[in-house]
Amino acid sequence: MSKISEFLKDNTTKVILALLLPIQFYGLKLLRNFPEFIEQYYSQGLFPVLSKINRFLFGWIPFSIGDFFYVLIGIIAIRWLYKNLKRLRFEPLKFFIDIAATLSIVYFVFNLLWGFNYYRMPLNTTLGLKKDYTTAQLIATTKRLILKSNALHRELGYADSIKIDLPYSQKEIFAMSDNGYKNLETEFPQLAYHPKSIKKSGWSLGLTYMGYSGYYNPFSGEAQVNNLIKTYKFPVVSCHEQAHQIGYAAENEANFIATMATLNNDNTYIKYSGYIFALRYCVNELARRDMALYEELLPSINFGILESYREMREFWGEYQNPFETFSKAFWDQFLKANNQSEGIMSYSYMVALVVNYFEDKPF
């Protein structure tokens, strides 16, 4: 028996798993052409079942199982490399097959539990919304958002110049975050959210240095929120990660759903956070299109609202570092590799959803 035959006989399972890695990769490329199939049978079929099972299993646990999972995997990976690195010299083929086989399993589980959602139908299609909009439409929506945001600022009893701090703990915001989803169910049954599994991340400092407000753990189904964020965005980030939990993988779509969930919340403070979040997106998009008009409209926004934006900028500014640039670049490429052509720079699509959804609806 030749050495190759003997090797294949002793490592049949690992070789098959390793060969399945590129097959899975190119199979997913083919699936991009069948978003209706993914939408019907996975995103609205299998995924909600798997997601609910995960949330039932881990949602009741007070700490993040996902954070613990990643640490454990990291320790196991480092230990394996330490014990097997010398094989790279004497058994390079077996070394790389072991790695490829492991990656193949992880890749399969990732896509089964979450990744297929990257290939579902676009949200604007399922909601029957246009994907483009004119500058005139943007201006009209921005002006309406300014009026509504200013009005809510005053309704909460604050002077125009005062920045509003949410009078709730992060735990209380988590408890209130799914109220907006419940109110949305009547119009959008696909946005039903139950059971809850949202937690503060135990690695919030690391997330902050990487430039992230939160993340969704596809293996445990937990929504992880950066607990260092003590600004108006905390309710929106919570709802954003919950949008991932119900199967919306695209960052811009999760932002829109988070906007809808906060705007439909019965609590006025959370509603306010949603309005000024949407306003910030529209104002920034207007600045990209027409700087002169942006500068003209900016003074009409209550100074207290602008102070909330400044606080957010300063928060992230304190943690800027070279690793954040690398992290964001990596995540941008990951999204583009998973059918999100615009990566993390997808402001315009989020604004398109806001503009087109609210064009004929009252605030």
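F63 is partly exposed, with a relative accessible area of 49%, where buried stands for under 20% relative accessible area, exposed for over 50% and partly exposed for what lies in between (1.4 Å probe, protein chains only). The residue sits in the loop between α3 (35-58) and α4 (65-84); helices (H or I, at least four residues) and strands (E, at least two) are DSSP runs, numbered from the N terminus. Together with F68, F69, Y70, L72, I73 and I76, F63 makes a nonpolar surface patch of about 660 Å². Patches are made of residues with over 30% relative accessible area and no salt bridge, like charges being joined within 9 Å and nonpolar side chains (Val, Leu, Ile, Met, Phe, Trp, Tyr) within 5 Å, and accessible areas come from the Shrake-Rupley method with a 1.4 Å probe, only the protein chains shown counting as cover for residues.

The model is a predicted one, in which local features need pLDDT of at least 70 and side-chain atom pairs count only at pLDDT 80 or more, while totals for chains, interfaces and linings use all residues. Residues are numbered from 1 along each chain as its sequence is written, and side-chain values use heavy atoms, with hydrogens and water left out.

Leaving aside residues up to four places away in sequence, Y181 is in contact (heavy atoms within 4.5 Å) with L191, Y193, C239, Q242, A243, I246, I257 and A261.

## The surroundings of N302

N302 is buried, with a relative accessible area of 4%, although its place is in the loop between α15 (291-297) and α16 (303-317). Not counting residues up to four places away in sequence, N302 touches N150, H153, R154 and D160. Two of these neighbours also meet its side chain in polar contacts (a pair of N or O atoms within 3.5 Å; within protein, one must be able to donate a hydrogen and the other to accept it, and residues adjacent in sequence count only if both atoms are side-chain atoms): the contact with the side chain of H153 is 3.4 Å, and that with the side chain of R154 is 3.2 Å.

## Salt bridges

The whole structure has 13 salt bridges, each a side-chain nitrogen of Lys or Arg within 4 Å of a carboxyl oxygen of Asp or Glu. In one of them K163 pairs with D165, the closest N and O atoms being 2.5 Å apart; K163 is partly exposed at 21%, and D165 is partly exposed at 43%.

The side chains of K196 and D178 meet at 3.4 Å, N to O, and link distant parts of the chain, 18 residues apart; K196 is partly exposed, with a relative accessible area of 28%, whereas D178 is buried at 12%. In a further salt bridge, K199 and E222 meet at 2.6 Å, N to O, K199 lying in strand β1 and E222 in the loop between β2 (214-216) and β3 (223-225). K199 counts as buried at 5% relative accessibility, and E222 is buried at 0%. Elsewhere, salt bridges that share partners join K14, R87, E91 and D98 into one network.
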